[in-house]
Amino acid sequence: MANILRSLSTGWRMSSMRRELGRLSDGQLKDIGIHRGQIEDLARYYHGQGPRPDSI
């Protein structure tokens, strides 16, 4: 049960991070040193999920 809750929590936090970064303009993203295409990978790595399954 704890693993399910942890997984749901991690998924929610990753989704929240993607949403917040997605709201930034390209200029704001550039200021912090990332490109829009990196948002998914950044969210996954930040929350310990590693690369996307399709990129292995």
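1. pLDDT is the predictor's confidence in each residue, on a scale from 0 to 100. You need that term here, as this is a predicted model. The mean pLDDT of the protein is 89. Of its residues, 96% reach 70 or more. By element, confidence is lowest in α1, with a mean of 90. It is highest in α2, at 97. One caution applies to any such model: where pLDDT is low, the predicted coordinates should not be read in detail.

2. Start with the overall plan. The protein has three helices and zero strands. Read from the N terminus, the order is α-α-α. The C-alpha trace spans about 40 × 25 × 15 Å along its principal axes.

3. Next, burial and surface. The protein has 56 residues, and 20% of them count as buried. Its accessible surface comes to about 4,400 Å². Carbon and sulfur atoms account for 56% of that surface.

4. Now look at α3, which covers residues 39-46. Which residues of helix α3 are buried? They are Ile 39, Ala 43 and Arg 44. Seen down the axis of α3, these buried residues fall within an arc of 130 degrees, so they line one face of the helix. An α-helix has 3.6 residues a turn, so residues three or four places apart point the same way.

5. What do the buried residues of α3 pack against? Their partners are α1 (2-22) and α2 (26-31). Find both helices in the view, then trace the contacts from α3.

6. After α3 comes Gly 48. Its phi is positive, near 70 degrees.

7. Ser 25 sits in the loop between α1 and α2. Is Ser 25 buried or partly exposed? Its relative accessibility is 36%, so Ser 25 counts as partly exposed. The cut-offs explain the label: buried means under 20%, exposed means over 50%, and partly exposed lies in between. Ser 25 and Arg 36 are 11 residues apart in sequence. In space they are 9.0 Å apart, C-alpha to C-alpha.

8. Consider contacts across the whole chain. Take those between residues at least 6 apart in sequence. Of these contacts, 34% join residues at least 24 apart.

9. Last, charge. The protein has 9 positive and 6 negative side chains. The centres of the two sets lie 6 Å apart.

Key: Residues numbered from 1 in each chain as written. Predicted model: local features only at pLDDT ≥ 70, side-chain atom pairs only at ≥ 80, totals over all residues. Heavy atoms only, no water. Buried < 20%, exposed > 50% of the residue type's maximum accessible area, 1.4 Å probe, protein only. Helix = DSSP H or I, 4+ residues; strand = E, 2+ residues; numbered from the N terminus. Arc of directions from axis to C-beta. Contact = heavy atoms within 4.5 Å. Areas by Shrake-Rupley, 256 points an atom, 1.4 Å probe, with all protein chains shown as cover. Lys, Arg positive; Asp, Glu negative; His and termini not counted. Charge placed at Lys NZ, Arg CZ, Asp CG, Glu CD.
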